[in-house]
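Biologist: Please show the structure, so that its side chains may be discussed one question at a time.

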Amino acid sequence: MALKALVVGSTGIVGQNLSNRLVAEGWTVYGLARHPFDIVSGVLPVAADVFDREALQQALADISVSHVFFCAWSRRPTEKENCIVNSEMITHIFQALPHPEKIKHSALITGMKHYLGSFENYAKGGAIETPFRESMPRLDLENFYYNQEDALFKASKQYGFSWSVHRPHSIIGYALGNVMNMGTTLAVYATICRETGRPFIFPGSPEQWHALSDLTDARLLADHVLWASTRAEGQNEAFNVVNGDIFRWEWLWPKLAEWFGIEAAPYPEKITSLADTLSGDADLWQNIVKRYQLKNIGFEKLNSAWHTDADLDRPLETVTDMSKSRLGGFTGYQYTPHSFFDLFERLRAEHIIP
């Protein structure tokens with residue numbers, strides 16, 4: 001069978017970048033989302049709600065693929081509900097595809113909450129050892145990532161395909177309207193600071209400011225998923241995936257400020273919620289849009305400060321081991337400052353920021 005992919009969540013930060021990578025490699029790519037749009041040239045849009053089983057089956061009725069990539073999740077009020085709906089999503093997709101027995105490989109993208117705990121139990125699973133390694137056992141806490149993995153493993157046995165699980169850290173990349181978009185959120189914050197003269201203050205915890213950390217470029221993540229999905233070394237394995245460098249925010253923050261032509265404010269040695277800081281700035285942003293004739297994307301679609309706070313407020317260092325991927329043959333590397341700068345350049349070139 002020719003290489004044909006179904007990308008579930010094709011409009012998100014992971015799905016967009018993965019779809020772009022697959023199209024560039026000559027794959028036929030079906031992009032599934034509730035409201036798909038032509039964000040990546042060459043992707044065939046498939047509109048469906050993954051929780052509407054009848055509509056999903058109709059949308060996928062004529063589609064047969066060799067690979068399925070899960071780049072989506074749904075947040076509910078409790079982790080118990082998260083566990084139910086996010087594992088159902090995976091089960092529904094395989095049940096709706098007309099020929100699941102023809103699938104060669106399926107990849108699931110999760111993240112560091114595998115080691116840190118869910119939103120409800122974040123960093124509450126006892127002593128957390130770094131660097132994070134894939135061999136670490138699951139936490140004894142509810143976590144929808146675990147339920148998603150189990151649903152994938154079950155389908156793999158049922159239909160005979162191989163699987164891979166990819167665990168990135170916070171993802172930096174281009175995607176408008178994504179709920180986990182630190183890079184664009186910080187670009188909006190820095191722009192507002194420049195335009196108003198506000199101090200550009202790191203909003204996170206002292207531990208994050210001073211300790212070691214790492215991040216994941218969405219483009220490198222796409223490379224990693226493609227590697228694992230087409231190589232024997234990637235079959236039936238879970239992998240961490242980060243850029244490959246480490247940094248301290250006290251070193252990186254001034255570099256981000258410099259790109260915007262501002263100075264980084266002295267760190268106050270305490271958390272200052274970015275969500276609170278930006279909570280009343282929708283009208284201010286609209287004025288900036290008008291002043292510079294920017295695209296009117298909408299402040300709420302550009303700004304996911306709540307999730308940026310969750311990432312930067314961690315009371316511990318976050319360092320990820322990549323040895324398993326390296327030993328398997330994946331050599332991808334991305335310099336983290338360039339992840340931000342490349343994103344900022346694109347946002348400026350597309351008139352999203354001034």
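Biologist: Over the face of which residue does R346 lie?
Modeller: This is a predicted model, in which local features need pLDDT of at least 70, side-chain atom pairs count only at pLDDT 80 or more, and totals for chains, interfaces and linings use all residues. Residues are numbered from 1 along each chain as its sequence is written, and side-chain values use heavy atoms, with hydrogens and water left out. A charge sits over a ring if NZ of Lys or CZ of Arg is within 6 Å of the ring centre and within 35 degrees of the ring normal. At 3.6 Å from the ring centre, R346 lies over the face of Y174.

Biologist: Over the ring of which residue does the charged end of K324 sit?
Modeller: The distance from the charged end of K324 to the ring centre is 5.3 Å. The ring belongs to F239.

Biologist: Is the pair of F70 and F94 stacked or edge-to-face?
Modeller: Rings of Phe, Tyr and Trp (its six-membered ring) pair if their centres lie within 6.5 Å; planes under 30 degrees apart count as stacked, over 60 as edge-to-face and the rest as tilted. The structure holds 26 aromatic pairs. In this one the centres of F70 and F94 are 5.5 Å apart and the planes stand at 65°, so the pair is edge-to-face.

Biologist: How many residues apart in sequence are the parts that this pair ties together?
Modeller: Helices (H or I, at least four residues) and strands (E, at least two) are DSSP runs, numbered from the N terminus. F70 lies in strand β4 and F94 in helix α3, so the pair ties together parts whose separation in sequence is 24 residues.

Biologist: Is F70 buried or exposed?
Modeller: Buried means under 20% relative accessible area, exposed over 50%, and partly exposed in between (1.4 Å probe, protein chains only). The relative accessible area of F70 is 0%, so F70 is buried.

Biologist: Against which helices do the buried residues of α11 pack?
Modeller: The buried residues of α11 are W285, I288 and V289. The face turned away from them carries the exposed residues D283 and K290. The buried residues pack, by contact (heavy atoms within 4.5 Å), against α6 and α12.
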